[in-house]
Amino acid sequence: MFKNNQLKSTIKLLSSKRFNTMSLKPLVANDVKITLREQSKLNKPIKNEDLVFGKYFTNHMLTVDWDAEHGWHTPEIKPYGNLSLDPSTCVFHYAFELFEGLKAYKSLKNEDDIIMFRPDKNMARMNQSAERICLPEFDSEELIKLIQKLIRLDADLIPKGKGYSLYIRPTMIGTSEGLGVHTPDKAKIFVICSPVGPYYKTGFKAVSLEATDYATRAWPGGVGNMKLGANYAPCIKPQLEAAGRGYQQNLWLFGPNKYITEVGTMNVFFAFKNGDKKELVTAPLDGTILEGVTRDSILALCRQNLDPNVWEVNERYLSINEVKERAAKGELIEAFGSGTAAVVSPIKNIGYNGEDINVPLQEGKQSGKLTEDVMKWIGDIQYGITEKPEWARVF
Ligand code: COI
């Protein structure tokens, strides 16, 4: 049984969904304390051809603690290293964890420029995820400034060239100790950075998918639109099952209509033709779909660059049966996944109900034409070839 004061404090924590952030100290980038790694322990750049996604890290990391009494503490940039947490810390038991994935690129136009691609979108989503699992929110622009300081410090480790970048992983965890289930009164942001090349070891190659209708990634009223670590672990088993039947990834379906939602950990696009008209389709943001920054960028660039007399760009429900029927009629033109890590990932076939739906590729190539164009449009902005200051933050 609860003692009276224990009960009161539990009720207070459970009921005050958000803390009174007005009286708490905000996150301030200029307060940062920087401790450098010893010169003799510094990692050297890895050759581009030896990079493996998420395997190597830069020399420094950013950490910022928060507590419900004071707000954000002094941000620290320090040598990359272990975190030390009590085994009862709430992140380990109740999944108070959220993360982001974004990239910084060495400009191909001006050697000294580093470009971050739409970091404001990632920060906004990070704050939405934080709000959903009762972790503290923060000033997005201050975290962007801190991440830029972190990246500048290890700028020599950002690989150069198209397809190569620095993958940035901002993470927030609840750090309250004890096994009570309640709003965390302590939290930590940490940011680590990994020099990366192409996400798939095979490079830009079309993948085969198996449609998964026996497991569901997300559901209405759930948290499928949030970037929570808890959304990812349950996705591995269906991927392994697909792999066991010879497919490289799984395609997520939802509900009795078997609507296509996502592919693996990415958003997904399908292109169709109907006479001389064409349509690009992706699932609508109904709360079950991750609000991908790459997804949003692709929609915007397609609406801007494709001929509106030919193309319609739609966010609508699309079932696997529609894909199957239209593929049989020769109306399926191409399909691709989209995400920060791979940017776009072309699809070559989809196993469904024991049959394969073939997705066309260009003659002798590993993708459809639109997939290739989208990759170039986005890449040119990310590497500073096309100027788009509202998306590309040069620093
Ligand atoms: C992405 O496509 O950026 C992802 O979400 C994959 C990431 C979890 C490694």
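Colleague: How many salt bridges does a search of the whole structure find?

Modeller: The search finds 28 salt bridges, where a salt bridge is a side-chain nitrogen of Lys or Arg within 4 Å of a carboxyl oxygen of Asp or Glu. This is a predicted model, in which local features need pLDDT of at least 70 and side-chain atom pairs count only at pLDDT 80 or more, while totals for chains, interfaces and linings use all residues. Residues are numbered from 1 along each chain as its sequence is written, and side-chain values use heavy atoms, with hydrogens and water left out.

Colleague: What makes Glu 142 and Lys 145 a salt bridge?

Modeller: Their closest N and O atoms are 2.8 Å apart, and the definition asks for a nitrogen within 4 Å of a carboxyl oxygen, so the pair is called a salt bridge.

Colleague: Why are Glu 142 and Lys 145 separated by about one helical turn?

Modeller: Because they stand three residues apart in helix 4 (residues 140–153), a helix being a DSSP run of H or I with at least four residues, as a strand is a run of E with at least two, both numbered from the N terminus.

Colleague: Which parts of the chain does the salt bridge between Arg 326 and Glu 279 link?

Modeller: The side chains of Arg 326 and Glu 279 meet at 4.0 Å, N to O. The pair links distant parts of the chain, with Arg 326 in helix 7 (residues 320–328) and Glu 279 in strand 14 (residues 277–282), 47 residues apart. Arg 326 counts as buried at 12% relative accessibility, and Glu 279 is buried at 13%. Salt bridges that share partners join Glu 279, Arg 316, Glu 322, Arg 326 and Glu 331 into one network.

Colleague: How do you know that Lys 227 is buried?

Modeller: Its relative accessible area is 10%, so Lys 227 falls under the 20% limit. Lys 227 lies in the loop between strand 10 (207–212) and helix 5 (236–244). Among the residues that Lys 227 touches, not counting those up to four places away in sequence, are Phe 99, Arg 125 and Tyr 232, contact meaning heavy atoms within 4.5 Å.

How values were computed:
Buried < 20%, exposed > 50% of the residue type's maximum accessible area, 1.4 Å probe, protein only.
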